[in-house]
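Subject: Structure handover

Hello,

Here is the structure I promised to pass on. My notes follow below it.

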Amino acid sequence: MPAGKVDYDLTTFFPLFSSYIYRLCSDVVSIQYATKSVLCDFEADNVVYLELRSTPRAVPTALPPITKTDYVDAILATIKAHNGGPGPLHTTLILSIDRRSTLEDALDTVDIAIARRAQGVVGIDLCGDPSKGTVSDLRPAFTKAHTAGLGVCVHFGEIPSADASELEEMLSWQPHRIGHAIYMPGEIKDEVRRRALGVELCLSCNVHAKMLPKGGGLEEHHFGEWCKDGRGAVVALCTDDVGVFCSPLSQEYYLAAKHFKLEQGDIQRLCEDMVGIVFAEEAEKDRLRDLYLQWFHQI
Ligand SMILES: CNc1ncnc2c1ncn2[C@@H]1O[C@H](COP(=O)(O)O)[C@@H](O)[C@H]1O
């Protein structure tokens, strides 16, 4: 995306996927090309742990036709090849369910996730246009994912809402992490703290897509509120869509440090605390803790 074109709002952002990106990534070669390019970009940015998300999509018009499982396998094969390479980046995959999905489609995605755990699927996510869909229809899919031991995360509180019923519904799925978390009434915030949930925050995305109250800028971002909250919730600084918002993870850290006056110790704590909420085995968490120790000792 050209750097001057990142001024979306939520009405222009979501059609980008359905109108353009999905049409471009419509065969195995292009899915693998896009995946590899994303992995190389994260690696070049010195990222060492990545949970990539994608919405499994059948492409019946492809030659040969692609099933949802083919789509997932194409990404997993690319991840496997990259994980086997010399670099320190370790990647796993979260399968997203679009809010407009039918329950049948959502359950199918959960079944694929369960069947591909050994190949690197670690979780299930709820994504998509927050003004669309009735999330309660999808509850059995998320309950099934949770029961199967998959990580569960949900895009949460992206737009203002007249009441908290949708947020309460999603919290009843017992998610491990919530994403964006912009519009939350006080009692929902307290529950997020009480459960010590992971809160995935995306600075550039929320500012460029004008998602903050009154189209607020970085200074108004709720990262400031959560990062030093210290009442249980664990913040993870994330990128949302690097290609769309033109901001790699290193830039998000830079922006956080600059606008919220983080000292080196704050950044170290941010990284180390985040290890507690990633969907990874203990050995991987130990690797990350060791890497952070090495890095922060060098500085
Ligand atoms: C404001 N941020 C966001 N909020 C909600 N959903 C988002 C999103 N950013 C992206 N997506 C959702 O993630 C999918 C990306 O394409 P794939 O999964 O590879 O297919 C899209 O479905 C998009 O709706």
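Start with M211, which touches L10, E158, I182 and N206, leaving aside residues up to four places away in sequence. Contact here requires C-beta atoms, placed from the backbone, within 7 Å. L10 is 201 residues from M211 in sequence, yet their C-alpha atoms are 7.5 Å apart. M211 sits in the loop between α8 (203-208) and α9 (223-227). M211 is buried, with 22 other C-beta atoms within 10 Å. Burial goes by other C-beta atoms within 10 Å of a residue's own, again placed from the backbone: 20 or more is buried, 12 or fewer exposed, in between partly exposed. Helices (H or I, at least four residues) and strands (E, at least two) are DSSP runs, numbered from the N terminus.

Two points on reading this. The model is predicted: local features need pLDDT of at least 70, side-chain atom pairs count only at pLDDT 80 or more, and totals for chains, interfaces and linings use all residues. Residues are numbered from 1 along each chain as its sequence is written.

Next, the core. The largest nonpolar core has 62 residues, and I124, A145, I178 and V199 touch the most other members. Such a core is a set of buried Ala, Val, Leu, Ile, Met, Phe, Trp, Tyr and Cys residues joined through C-beta atoms within 7 Å. A145 touches V110, A113, I124, L150 and V152, not counting residues up to four places away in sequence.

A145 also belongs to α5 (residues 139-147), whose buried residues are A141, F142 and A145. They span an arc of only 95 degrees around the axis, so they lie on the same side of α5. That arc is taken from the directions from the helix axis to the C-beta atoms. Their cover includes β2, α4 (103-115), β3 (121-127) and β4 (151-156). Just after α5, G149 has a positive phi of about 90 degrees.

Most residues other than glycine have a negative phi, and most peptide bonds are trans.

- L63 to P64 is a cis peptide bond, omega near -5 degrees. P64 lies in the loop between β1 and α3 (68-83).
- C246, not a glycine, has a positive phi of about 55 degrees. C246 lies in the loop between α10 (242-245) and α11 (249-259), and is partly exposed, with 16 other C-beta atoms within 10 Å.
- K261, also not a glycine, has a positive phi of about 50 degrees. K261 lies in the loop between α11 and α12 (264-274), and is exposed, with 9 C-beta neighbours inside 10 Å.

Best wishes

Methods: Contact = placed C-beta atoms within 7 Å.
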